[in-house]
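Subject: Handover of the structure

Hello,

Here is the structure I promised to pass on. Please open it alongside this note; the findings follow below.

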Amino acid sequence: MLNPQRSLSELPKTSTASQVERVVLEEEFNWLLKEEVHAVLKQLQDVLKEASRRFSMPTPGFENQLKQENFILGSSTSMDQVKGVLTLQGEVLTQADINLKVAKSSQVLHFQFREDKQWKLQQIQDARNHVNQALQLLSSRDESYHFKSGAEVNKLMDGVMLQLTRARNRLTTPASMTLPELAASGLMKMFSPPIPGDVMVNFYINLSKLCLTVYQLHVLPANTTKNFKPAGSSVLHSPGAMFELNNNRFEVSHVHKVECVVPWLSDTLVFFTISLQLCQQLKDKISVFSSFWNYRPF
């Protein structure tokens with residue numbers, strides 16, 4: 001006859017094992033919240049401080065003055081129609097010296113920024129501002145702060161990743177403009193001698209490149225109505241694009257795009273990638289713990 005009194009050692013061990021596993025996971029997760037999260041936050045701050053410094057590299061010996069850098073514009077497709085040198089100081093183009101060989105003639109136009117004019121590259125300024133906002137979020141949780149849940153960490157990571165994504169997008173996605181918007185831009189009034197009425201220029205950042213686009217135009221006859229179709233908004237307009245300005249109709253006859261690589265922008269984009277990966281890895285670790293149990297808000 002079987003004994004109804006079974007020893008503890010004979011009882012099913014599933015629940016005991018489950019409890020031990022839960023306790024171990026709790027301890028590991030508390031360690032993650034207390035130690036590893038702050039280690040990752042420190043890493044993120046170090047990387048983003050390096051990114052922030054790239055936007056404002058001081059001149060050696062002149063700590064309050066940003067370094068000026070000269071870049072020679074080049075292109076494999078421009079056939080030397082446009083040549084130039086750009087001077088960049090942080091987010092500001094302090095000088096642009098451009099030679100344009102006019103299509104269908106041997107005439108070379110030379111124009112440069114007026115001495116009293118500089119052109120701010122809004123993309124760089126915006127990217128820097130987003131990096132600094134990410135740093136502010138990280139510094140709001142110093143080493144003495146105790147995170148109470150995985151959800152709280154995720155919320156911080158989401159905020160940092162949002163700022164970093166916006167910063168990266170500002171450098172990788174130049175603003176679209178219509179041709180009338182470009183014609184009315186203050187950039188057209190920057191040069192000496194003034195840019196001719198049948199030429200337009202635009203500067204923008206694309207990834208790690210500083211780009212210059214030069215449009216040559218011709219005026220369409222006043223009775224051109226049959227095939228006139230105004231072009232929409234674009235980063236780079238193609239030959240044949242049409243637009244209307246001050247009761248005149250124009251067509252783009254030639255487009256020349258030249259560019260130069262800005263090395264510190266390349267560095268910055270790498271720092272963004274590293275930082276986003278660190279954020280995602282931390283979120284992934286938290287999701288591994290949260291998948292084990294659901295009674296706590298992770």
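In what kind of crossing does α2 pass α3? The crossing is left-handed.

Two points before the rest. This is a predicted model, in which local features need pLDDT of at least 70, side-chain atom pairs count only at pLDDT 80 or more, and totals for chains, interfaces and linings use all residues. Residues are numbered from 1 along each chain as its sequence is written, and side-chain values use heavy atoms, with hydrogens and water left out.

Helices

The axes of α2 and α3 lie 8 Å apart, and the two helices pack at an angle of about 170°. That makes the pair roughly antiparallel. Helices here are DSSP runs of H or I with at least four residues, strands are runs of E with at least two, and both are numbered from the N terminus. Axes are lines fitted to C-alpha atoms, for helices over the stretch in contact, and angles run from 0 to 180 degrees between N-to-C directions. Angles under 35 degrees count as roughly parallel, over 145 as roughly antiparallel, 65 to 115 as roughly perpendicular, and the rest as oblique.

Helix α3 (residues 150–172) also meets helix α5 (residues 263–290). Their axes come within 10 Å and cross at roughly 155°. α3 and α5 are therefore roughly antiparallel to each other. Here too the crossing is left-handed, with α3 passing α5. The contact of α3 with α5 has 14 nonpolar, seven polar and three charged residues. In these classes, Ala, Val, Leu, Ile, Met, Phe, Trp, Tyr, Cys and Pro are nonpolar, Asp, Glu, Lys and Arg are charged, and the others, Gly among them, are polar.

Strands

Strands of a sheet pair through backbone hydrogen bonds, either parallel or antiparallel. Two strands count as paired if DSSP finds at least two bridges between them.

β11 pairs with β12 (residues 248–261) over four bridges, in the antiparallel sense. E244 has R249 in β12 as its bridge partner.

Now β5 (residues 92–101). With β4 (residues 82–89) it pairs over eight antiparallel bridges. Q89 is opposite V92 of β5. β4 and β5 form a hairpin with two residues between them, and G90 in the turn has a positive phi of about 65°. β5 also pairs with β7 (residues 119–120), again antiparallel, over two bridges. There, V92 stands opposite K120. Five bridges join β5 to β6 (residues 108–113), and these strands run antiparallel. I98 faces F111 of β6 as its opposite residue.

Pockets and cavity

These come from a 1 Å grid over the protein atoms alone: a cavity is a set of points where a 1.4 Å probe fits but cannot get out, a pocket is an open set with protein on both sides within 12 Å along at least five of seven lines, and lining residues have an atom within 4 Å of a point. Grid points are joined across faces, edges and corners, and a volume is the space filled by probe spheres set on the points.

The largest pocket holds about 250 Å³ of space. Its lining has 14 residues, and Q123, A175, N202, F203 and Y204 lie nearest the centre. β7, α2 (122–139) and β9 each give two or more residues to this lining. β9 gives the most, with three. By class, the lining of the largest pocket has eight nonpolar, four polar and two charged residues.

The second largest pocket has a volume of about 190 Å³. Its lining includes A183, M188, F243 and F250. β9 and β11 are the elements that give two or more residues to this lining. The lining of the second largest pocket has 11 nonpolar, one polar and no charged residues.

There is one cavity of 30 Å³ or more. The largest cavity has a volume of about 40 Å³. Residues lining the largest cavity include M177, N202, Y215 and H237. The lining divides into five nonpolar, four polar and no charged residues.

Best wishes

Technical notes. A crossing is left-handed if the near helix is turned anticlockwise from the far one by less than a right angle, and right-handed if clockwise.
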